[in-house]
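I opened this entry to look up ring pairs and helix packing. My notes follow in the order in which I checked things.

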Amino acid sequence: MNNQQIATLLKNVAASYTISDEKKYRFQIIAYQKAADAISGQTSEINDLVKENRLEHLPGVGKSIKSHLEELIKTGRVKHFDKITKQIPKSVFPLLEIPNLGPKTAYKIVKAFSLKNADTVIDDTENLAKNKKIQSLEGFGEKSQEVILQTIKEYKRGKTKSSRMPLPYAFEIAEKVLSHLKKSSSIIEAVPLGSLRRMMPTVGDVDIAVATNEPKKAIEHFVSYPYKHRILEQGSATASILTSAGKQVDLMAQDPTSFGALLQHFTGSKSHNVHLREHCLKIGLSLSEHGIKSVSEPSKTKRYKKEEEFYKALKMDWIPPEMRENTGEIELAIKHKLPKLVELADIKGDLHIHSNFPMEPSHDMGIDSMKDMLKVGQNLKYEYLGFSEHNPSVSRHTKTQIYSIITRRNEYIEQIKSQIKSVRVIKLLEIDILVNGNLAVDNKSLAILDAAIVSIHSSFRMKKEDMTKRVIEGFSHPKAKILAHPTGRMLNERSGYELDFEKIFDFCIENNKALEINSWPNRLDLPDSLIRQAIKYKVKCIINTDSHAASQMTLMRYGVAMGRRGWATKNDITNTLGYNDFIKWLKS
DNA sequence: GCCGTTTTCGGCCCGACTGTTTTCAGTCG
């Protein structure tokens, strides 16, 4: 069961409580929704957290829900959940997937028309709306019937928030909308916020804040966005549109004098905001996107132009957006003990890049020359670059042939070195760890490299113990210093292979090896939660791009963002070291 | 059901928008 499925289950429990007796179960409902939100926002699999007994670190998941989840992972169901949800017709739950249909509305429709079949309930509701049967129900009308019909159609076409997009794609949408917004003189400033600003690996919808003295004009301009499918809502302070590609864009407008409060509010996460607001209530302050007011004097709101001022007014340090997931950052900010996170400018080199040098590998080659990639390295002000093409294919070459290809590449690198001197070149290779734990390159060839990156590219479906053994065996070679994309996950595609990370961490510490934070947008691997854990173990990480083209070398920002989401400081990342120190580590 | 900088009891974020109402309920983020 994946996180979204678990979150849906918890939401269904909350919905069941809402329908049975909203007043009686008011706080259980909040608790279950909170837990669902916490889990759907988690980037590592709850399945693993339960198995590794790390679940208590999730805020919103306490003793009771934790034991329910343990039962769920173990047996596939939860008796307590079954008891609660059994009181509600099964057909209510699929309807909750439709935007704007909450528990009350869904239940009303199901009950009024005796819709019993959960498999067809969405079609049934669509037909009822088409045949104008819903408008006569109490509390409904022509408009709400039309909205139901419309949203079900969009849901069926996949135009819904359920599919999350990779971070760079979300940035692209944001850029397009921003360039549209800039055309209006009513908009003083426009900034993308939400999960985009927190640099979540995937983004559901795009949130944008604007500072304006003419909110009505600003919002009218926003909803006139040429690539919109339709306007979802439009008020005097906020509006939402669906783009023609089916992605939702939310906009909030605010007076420039309160823009800092809006930045804080709209960046989230929800869980961060709720926790922060609960904390502030205890000291008599009520927070909103407008500013801060005292509970004793609710008519007066203090406004803040800058987000820094907002946090400062709460006697806290400003919290980097990447940390705002309510995992302890608020407490540290109060104590002025936040870590100083690694920054893009700290990075001194990229050690995982693939040039087009003809290595005859079994995996994909790069498309640009070493020279072109070095030029980009120069522009990025790097001190060093490590070329790490895939090893020559084992099935098509003898050991001797592999040795001669690597020798040829070394000679070519020496030539280039004499031409470009501002960036130092390190001779690496990305080498497969074979099923038996051996490396795909023998000792003689390894000896002529500065070091090696090792990684898994085959036979993913091994048992956790076997895979851990395989990785550690390959990683044990003295030349192997970096384990690339350690979990093997591909976002929205596959969850990766299973590894015992406590063992991997221990191994890295004992042998002074580093785990890669791969910046490739569909990988972002290590995942942030594992980075956080690795850092706690004092394991070194290294942030690389895995570029297969010179233009991809700027993807470094995404890897750095994941490091920041995992609370990594400059000291935790080996490629923040200057060349001499880095080489010393690499050859240690 | 969760949680702890006045608490192991007694609290629980805050506001916007829409449709169907005639002062509000439901949904969302």
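Entry 1, aromatic pairs. I counted the aromatic pairs and got 15 for the structure. The model is a predicted one, and I read every value below as computed from it.

I took Phe310 and Tyr311 to start with. Their ring centres lie 6.3 Å apart and the ring planes stand at 85 degrees, so I logged the pair as edge-to-face. An angle over 60 degrees is what that label requires. I then looked up the exposure of both residues: Phe310 is buried, and Tyr311 is buried too.

Next I went to Phe505 and Tyr537. Here the ring centres are 5.0 Å apart with the planes at 50 degrees, so this pair goes down as tilted. I also noted where the two residues sit. Phe505 belongs to helix H21 (residues 501-511), while Tyr537 is in the loop between helix H22 (528-536) and strand E18 (540-544), so the pair ties together parts 32 residues apart in sequence.

I looked up how helix H1 (residues 3-21) packs on helix H7 (residues 103-112). The angle is about 70 degrees and the axes are 9 Å apart. I therefore wrote H1 down as roughly perpendicular to H7. The crossing of H1 and H7 is right-handed.

Which residues make the contact? From H1 I listed Ala15, Thr18 and Ile19, and from H7 I listed Pro103, Lys104 and Tyr107. Sorted by type, the residues in the contact of H1 with H7 are 4 nonpolar, 1 polar and 1 charged.

I repeated the check for helix H10 (residues 167-181) and helix H23 (residues 556-565). They pack at about 110 degrees, with axes 11 Å apart. That angle makes H10 roughly perpendicular to H23, since the label covers 65 to 115 degrees. I recorded a right-handed crossing for H10 and H23.

On the H10 side the contact uses Leu167, Pro168 and Phe171, and on the H23 side Arg557, Tyr558 and Met562.

Technical notes
Residues are numbered from 1 along each chain as its sequence is written. Chains are lettered from A and ligands numbered from 1 in the order in which they are written. This is a predicted model: local features need pLDDT of at least 70, side-chain atom pairs count only at pLDDT 80 or more; totals for chains, interfaces and linings use all residues. Side-chain values use heavy atoms; hydrogens and water are left out. Axes are lines fitted to C-alpha atoms, for helices over the stretch in contact, and angles run from 0 to 180 degrees between N-to-C directions. Helices (H or I, at least four residues) and strands (E, at least two) are DSSP runs, numbered from the N terminus. Angles under 35 degrees count as roughly parallel, over 145 as roughly antiparallel, 65 to 115 as roughly perpendicular and the rest as oblique. A crossing is left-handed if the near helix is turned anticlockwise from the far one by less than a right angle, and right-handed if clockwise. Contact means heavy atoms within 4.5 Å. Ala, Val, Leu, Ile, Met, Phe, Trp, Tyr, Cys and Pro count as nonpolar, Asp, Glu, Lys and Arg as charged, and the others, Gly among them, as polar. Rings of Phe, Tyr and Trp (its six-membered ring) pair if their centres lie within 6.5 Å; planes under 30 degrees apart count as stacked, over 60 as edge-to-face and the rest as tilted. Buried means under 20% relative accessible area, exposed over 50%, partly exposed in between (1.4 Å probe, protein chains only).
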